[in-house]
Each structure stands twice: as structure tokens, then as C-alpha cells.
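Please look over the sequence and the model shown here. A short report on one stretch of the chain comes after them.

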Amino acid sequence: MRKLIPYLFLLWSTIASAQSPCSVLENYIPTGDEPEVIIKVKLHIVQYAENDPRNYTIKDTSLLREQINLINSFYTALDAPTLLPPAEVDHLRNAHIRFKIIGFKFHVNPDLWDRIAYEPLYNKQFPIAIDSQLNTKNTFYIKGQHGFRFRRNTDVLLIDANKKSFQSKIDTAYFDKSVKKTVIKTVSSCAADFQPAELTYFAENNRNCSDDLFKQLTHSDSSCLHIFYTGSSMKESAFGCGPSPFYLNVSNYLKGGDWANAQLSAHELGHCLGLSHTDRPQFDDLPKKDKFGFIDCDSVEVSNNIMGYNKCRRYLSPKQIAFIHQEYSLKPYRIRTTVYCDYDPQYNFEIRKNTTWNRAMVIGGDLIIRKGKTLTVNCMVSLPDGANIILEEGSQLIVNGNVITNNCGSTWDGILFCSKYTGDKTKMTPPKKTKGEVKLQNGGRLERVKNNP
């Protein structure tokens with residue numbers, strides 16, 4: 001029997017952990033009694049050239065602000081679902097998710113501007129060494145079977161030892177079995193004194209989802225969400241990709257309408273926030289099937305979900321919304337992209353009735369527990385540098401089995417006790433009767449705090 005005790009304890013611990021309220025998705029469905037998720041965004045406009053921007057200019061900052069406002073309306077004024085899930089769900093009219101512009105930056109770089117281009121291919125295999133050439137100056141041999149890569153009218157780039165180049169379209173390309181080499185014949189002949197050493201071919205280079213803009217233009221800054229506005233020399237319509245909580249790439253917005261651009265951005269931002277497409281439902285409160293295509297919504301096969309492919313993206317399910325709130329309440333790398341890492345009294349949070357938090361909370365200002373009220377914290381709470389927890393007379397803070405900390409990589413300023421808080425921390429008076437109380441139970445703790453009570 002003694003041997004079973006460690007196993008039973010481990011099993012009980014696993015069950016208890018699995019049942020922690022902090023991990024229950026439904027506990028993060030917003031009710032309006034918690035802070036919004038407000039994500040800081042910096043807008044980067046990459047222009048082709050100073051005299052030929054092919055993109056927004058500094059005169060368009062008001063237009064870009066209006067675009068972000070329109071995107072916010074998609075998240076804060078949700079329509080009812082057109083395509084219903086198997087079981088009935090509540091219609092949340094507000095996701096309590098917003099994007100806040102913290103700055104604009106303009107860049108001039110034609111290479112970074114062009115997100116889908118017809119370019120010479122450079123990778124581990126190409127450019128490839130030229131094995132030999134005929135005297136005609138337009139026929140070349142390369143070792144191996146590569147004929148399938150070179151199609152008629154495809155451009156080939158020949159490069160000499162000094163990195164000078166010659167470009168021509170391909171006339172024919174085929175594999176010669178007798179010599180085990182690929183024969184490439186170009187439409188044009190290179191100059192007599194040009195001695196090519198290697199070659200590559202042109203192909204579509206799609207950098208829509210690449211992190212090169214994020215790395216080169218922000219040095220991988222993860223303190224906010226960066227939106228890069230770019231263009232394309234190959235594709236005419238607007239397009240985008242949101243593969244990261246730190247950056248979103250959107251292109252050709254000058255060629256799209258305001259409403260369509262905002263819908264596209266709202267969808268791609270959903271990916272940045274952690275949401276998947278709805279053709280394979282991420283949560284059980286979504287329809288089992290959602291037909292994709294830029295098509296009208298209906299009640300039969302096409303939803304109006306922001307994460308679908310449709311013309312009317314104006315809905316998110318409760319669990320989609322809850323998932324975003326959970327991500328931005330529990331994960332420090334996401335919390336650090338929000339406004340709540342910079343102390344601001346406008347984000348003060350007051351407890352005016354006895355309250356229990358069964359979900360993680362991120363507060364951007366002071367946490368104030370009013371006279372005689374009790375706050376029980378069962379999940380992690382994050383406060384920024386400069387923030388205090390203020391306990392009025394007779395109030396109580398219970399930290400039960402979890403932690404109050406700073407998830408922004410800094411500290412918070414500790415506990416203050418007062419008779420009554422009137423909005424100015426420098427003018428608080430000591431408690432007259434019953435001092436507020438802090439209880440740490442079941443391993444509850446205060447971390448990253450400058451001033452422990």
C-alpha cells in the first residue's frame with residue numbers, strides 16, 4: 001500500500017492541476033467586468049522610392065487611423081452568426097479586444113516593398129555551377145537532371161566570376177542521358193567576352209509571411225505588434241499574412257477598398273492573436289463546416305466569422321474570444337505587447353463588491369479594494385511598474401494558491417493601506433480603525449514586488 005501513495009498523490013495533483021480554474025477556457029469569456037485586451041500597434045509603411053512611393057505617405061496617417069478604427073469596430077460591434085454551430089451559443093456583441101496605434105514609421109526600400117516578385121532563385125542549390133558551354137554562347141551544360149525546373153520563356157540569369165550577370169529567356173532545356181547533364185539553350189546569346197560561371201532561374205518569390213521586415217526594420221522588437229504595409233510587382237489585389245503576435249504583413253492596400261482592407265486586416269490580425277481558420281473549427285462552439293471563398297454569407301454553409309473566407313466578416317464565437325483573452329492574460333510574451341505594461345491610472349481597477357477571480361488578470365494601473373470588500377485571487381495577476389494594490393479600511397486581499405507579479409519583465413510597487421482612496425496616492429491617510437489585510441494561503445505569494453506588506 002505504501003508504494004501506491006506517491007502514485008495516488010501524483011494522480012491527485014494531475015487532476016487538481018487539470019481542474020485549475022485558470023486553465024478553463026470558459027472562465028475567460030468576457031463579461032465586461034475585466035480589462036479589455038488592448039494591443040499596441042506600430043504602423044510601418046514601406047515605400048518603393050521617395051519620388052515613387054507606390055504606397056501610403058505621411059499625408060495618409062489619418063486614413064490609416066480610420067482603418068484601425070474600422071478594424072476595431074469589427075471586434076467591438078459583433079454581428080450575430082449567420083451559420084449556427086451544433087449547440088446554441090450566446091452572441092457576444094463585444095469581444096473587448098482593441099488595437100491602439102502607438103506610432104508610425106516610414107521606410108524607403110524597393111526590395112523590402114516587393115512581397116511577391118519574379119526574381120532569380122537563390123537557395124542552397126542555386127545558383128548552380130555551369131559545367132561547360134558550346135561555342136554558340138547560348139547553350140550551356142549543368143551536371144544532374146534539372147530540365148524539369150527550366151520551362152520555355154522562363155528567364156535564366158548567368159553570372160560570371162566577378163558577379164556580373166546576363167539575363168535571357170530559355171529556348172529549350174532537357175536532360176541528356178548520355179552525359180548525365182542538363183542542356184539549357186537561351187533565346188539570346190551572351191557577349192563573346194562574357195564567361196558565365198554559374199546560373200539560376202527566375203521564379204515567384206512569395207515573402208508574404210516572411211519575418212524579414214520584422215527583423216530588418218524593428219530588430220525583432222517584441223514590445224508591440226508591428227503592421228507592415230508593402231506592395232507587390234506580381235500580384236494586383238490586396239493580401240496579407242499574420243503569422244506572429246509581433247508582426248503582420250499587408251500589401252497592395254492602395255488597390256483595395258477601405259472596407260475590404262479592414263476586413264482583410266481583421267482576419268489576419270485574428271491569426272496574430274492565435275485564431276485559426278474556421279474550415280477546421282478550432283473550438284466546439286463553431287460550425288462543423290464553413291465553406292471558404294470570397295462569397296456571400298448564408299445560414300447553410302458560409303459563416304460570417306472573421307476567421308472565415310467570406311464577404312461579411314463580423315462575428316467571433318464566445319470561445320474564440322475567450323481564447324484571445326486567455327492568451328493575453330497568461331502568456332508574458334503576449335502581455336508585453338499590450339498597453340498594460342506601461343503604468344497608466346486610466347487603467348486603475350476597483351473592487352466595489354466581494355469578488356473572486358477564477359481567471360488570470362492583467363491590470364495596467366492600480367488595483368483598489370474598497371472599504372470592507374474582499375478580493376480572492378485564484379489565478380495569476382500581473383501589475384506594471386509603478387502600480388500598487390491599495391487596500392482601504394477593513395478590506396481584504398486573499399491570494400489563494402497563485403501569484404501576483406509583474407509579467408512585463410520588471411516589478412510592481414507593492415501594497416498601500418489607507419482610510420479612503422480619493423485618486424491621489426500622495427494624499428492618502430492611514431487607516432483610522434481596521435487596517436486592510438493581505439492573506440497568502442495555499443502557496444499564494446507576491447513576486448517582483450518592491451515593497452512587501
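The report covers a strand, its partner strands and a helix.

## Basis of the model

This is a predicted model, in which local features need pLDDT of at least 70 and side-chain atom pairs count only at pLDDT 80 or more, while totals for chains, interfaces and linings use all residues. Residues are numbered from 1 along each chain as its sequence is written, and side-chain values use heavy atoms, with hydrogens and water left out.

Helices (H or I, at least four residues) and strands (E, at least two) are DSSP runs, numbered from the N terminus. Buried means under 20% relative accessible area, exposed over 50%, and partly exposed in between (1.4 Å probe, protein chains only).

Strand β13 spans residues 247-251, and five of its five residues are buried. Y247, N249 and S251 point one way, whereas L248 and V250 point the other way. In a regular strand the side chains alternate between the two faces of the sheet.

Two strands pair if DSSP finds at least two bridges between them. Strand β11 (residues 225-230) runs parallel to β13, joined by five bridges; I227 stands opposite L248. Strand β12 (residues 239-241) pairs with β13 in the antiparallel sense over three bridges, and F239 has S251 as its bridge partner. A hairpin of five residues links β12 to β13.

## Helix α5

Helix α5 takes up residues 258-272 and reaches 21 Å from its first C-alpha to its last, close to the 21 Å expected. That expected span is 1.5 Å times one less than the number of residues.

Of the 15 residues in α5, 11 are buried, among them N261, H267, E268 and C272. Just after α5, G274 has a positive phi of about 110°.
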